[in-house]
Amino acid sequence: MARDRSSGAPVLVIGLGRFGAAAADKLEQLGREVLVIDTDAMLVQKWATRVTHVVQADATDLDALRQIGGQDFDVAIMAVGSSVEGSVLITANLVDLGISQIWAKAMSKSHGTILERIGANHVIYPEAESGDRIAHLVSGQVLDFIEFDDELSLAKLRPPEVARGGPLQGLGLRRLFGITVVGVKSHGAPFVYAGASTEVGAEDFIVVSGTASDIDAFARLPR
């Protein structure tokens, strides 16, 4: 896979437990190319028709990761958490491969601290995070994401061009893109709930509501 530093870059997912499988599945739904690896042959077979690429391999073996092209990725999700030793070895291997964005699952604060010291950029705690949410965050412009049900999600992001240039009332964001701007946070100013006359600046953060798919499409619009 060719290396791509854009928000659409392929993602390497290590581990097909509940967390890793959820992240891989959602990334596929978001249109991302995914390579998933696991040591369990039955899990690999089960997921062979559900993700772009799935390989049986031992990610604690640096040579094995190189053989499957792990060095070609800029983004990786280390979803192995049950074995602290294994997760540490895998994360160290991802660092050695030069992967710039490493999202690593941890089972405790001390475990997470170790992973951060090794070089994980983002440590994920399953108690507070889900594979689904992390997929949205990894996927690009979304800075925070909460999915309440199939019909309602909230996301924090930088505003695309279509959300700027005049009062929200005249932009037709709900009609055109199915999303509603709930609030705006400008630098040095408190968060404010958006109204019809609210105007959004390029450096602001906005909170939007809508379905997960509408928010994902909106977040990918040009800035």
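Biologist: Which residue in strand 11 is the bridge partner of Lys-156?

Modeller: This is a predicted model, in which local features need pLDDT of at least 70, side-chain atom pairs count only at pLDDT 80 or more, and totals for chains, interfaces and linings use all residues. Residues are numbered from 1 along each chain as its sequence is written, and side-chain values use heavy atoms, without hydrogens and water. Strand 8 (residues 152-157) pairs with strand 11 (residues 205-210) in the antiparallel sense over five bridges; pairing requires at least two DSSP bridges between two strands. In strand 11, Lys-156 has as its partner Val-207.

Biologist: And which residue in strand 11 is the bridge partner of Thr-180?

Modeller: Strand 9 (residues 180-185) also pairs with strand 11, antiparallel and over five bridges. Strands here are DSSP runs of E, at least two residues, and helices are runs of H or I, at least four, numbered from the N terminus. The partner of Thr-180 is Ser-209.

Biologist: Within what arc do the buried residues of helix 8 fall?

Modeller: Buried means under 20% relative accessible area, exposed over 50%, partly exposed in between (1.4 Å probe, protein chains only). In helix 8 (residues 212-219), the buried residues are Ala-212, Ile-215, Asp-216, Phe-218 and Ala-219. They line one face of the helix, because, seen down its axis, they fall within an arc, taken over directions from the axis to the C-beta atoms, of 165 degrees.

Biologist: Is Val-84 buried or partly exposed?

Modeller: Val-84 is found in helix 4 (residues 84-96). Its relative accessible area is 41%, so Val-84 is partly exposed.
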